[in-house]
Amino acid sequence: MKKALYILIAFALYNCEDVIDLKVPTSQPKLVIEASLNWFDGTNGSEQDIKLTLSAPFFDAEVPPANNAIVIVEDTNGNQFNFIEDNTTGVYKTTTFIPQIDQEYTLTITYDNQTYIGTEILTSVTPIDYIEQNDEGGFSGEDIELKAYYTDPANIDNYYFYEFISDIPEIPVLEVYDDQFTDGNQIFAFYSEEDLESSNQVVINNYGVSEQFYQFMDLLLQQTSDGGGGPFQTQPATVRGNCINITNPDNFPLGYFRLSQAYQTIYIVE
């Protein structure tokens, strides 16, 4: 009797299973602009690229490229740089860019019968002086920490964007700094990774950025560190970049148009 009862209960539970069609809020795709023009030390900065994609639903595995756009960057000296799409990748390239510190540049994108514009200044940056390694960092006292020291120019408002790329995580660690309380002093950018070991390589890219980009990235990093972003959580407010849609202002793009002097340092963990 008991065996029959167990079979009936199991049968009832099995037949009560429903397929749930999860409804995730969606919106019309927006143009996403990844336009970071970096003049790395030791190069002439002529080769640059801009990536254009479209925003996609949360569960989509692929991000669609924005194809067949017209992408132009102009400076105030009248130079015009045309970015041509590489096949159908959504990556637009030029080999004729002319970088100049403190020069203002305007990005114009025409896509799907709408025009997007952004303006920014190519910002200088100071190089890294040296890197200091601490083998007793973190909560455990066993993590490896790196400090990349640099000297901030005095009596000038400076903003820094640091990118740390190691052998461990797939996603780079990003940090932004200002000199509000460290003007004219030697200070450091900080990096720590729990699984970092001796002989690992860490690529450190440091960029000079504008105050507007500093504020933009600082907000993005705060949202990331707060742990939001799941499909069932309250989504953070959209952080707008410096590009606008002059055809339809309500259909604003995502992303940012940035120009930076940059240095790259490769450090091998001891």
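This is a predicted model: local features need pLDDT of at least 70, side-chain atom pairs count only at pLDDT 80 or more; totals for chains, interfaces and linings use all residues.
Thr 108 stands opposite Ile 117 in strand S7. Strand S6 and strand S7, residues 114–121, pair in the antiparallel sense over eight bridges. Two residues lie between the strands of this hairpin, where Asp 112 takes a positive phi near 50°.

Now turn to the other partner of S6. S3 and S6 also pair in the antiparallel sense, over six bridges. Here Thr 108 in S6 is the bridge partner of Ile 72.

Next, look at Leu 107. What does Leu 107 contact, leaving aside neighbours within four places in sequence? The list includes Ile 33, Ile 50, Val 73, Ile 117 and Phe 257. Leu 107 belongs to the largest nonpolar core, which has 24 residues. Leu 52, Val 73, Leu 107 and Ile 109 touch the most other members. Strands S1, S2, S3, S4, S6 and S15 each supply at least two residues of this core. Nonpolar side chains tend to be buried together in soluble globular proteins. Another core lies apart from this one, with 20 residues, among them Ile 131 and Phe 164.

Aromatic rings come next. The structure holds 16 aromatic pairs. In one of them, Tyr 150 and Tyr 160 are tilted, with 4.6 Å centre to centre and 50° between the planes. Tyr 150 sits in strand S9 and Tyr 160 in strand S10. Both are buried. The planes of Tyr 162 and Phe 164 lie at 20°, with ring centres 6.0 Å apart, so this pair is stacked. Tyr 162 and Phe 164 are buried too.

Finally, charges meet rings. Lys 147 lies over the face of Phe 188, 4.6 Å from the ring centre. Arg 240 lies over the face of Phe 252, at 3.6 Å.

Note on methods. Residues are numbered from 1 along each chain as its sequence is written. Side-chain values use heavy atoms; hydrogens and water are left out. A nonpolar core is a set of buried Ala, Val, Leu, Ile, Met, Phe, Trp, Tyr and Cys residues joined through side-chain atoms within 4.5 Å. Buried means under 20% relative accessible area, exposed over 50%, partly exposed in between (1.4 Å probe, protein chains only). Helices (H or I, at least four residues) and strands (E, at least two) are DSSP runs, numbered from the N terminus. Contact means heavy atoms within 4.5 Å. Two strands pair if DSSP finds at least two bridges between them. Rings of Phe, Tyr and Trp (its six-membered ring) pair if their centres lie within 6.5 Å; planes under 30 degrees apart count as stacked, over 60 as edge-to-face and the rest as tilted. A charge sits over a ring if NZ of Lys or CZ of Arg is within 6 Å of the ring centre and within 35 degrees of the ring normal.
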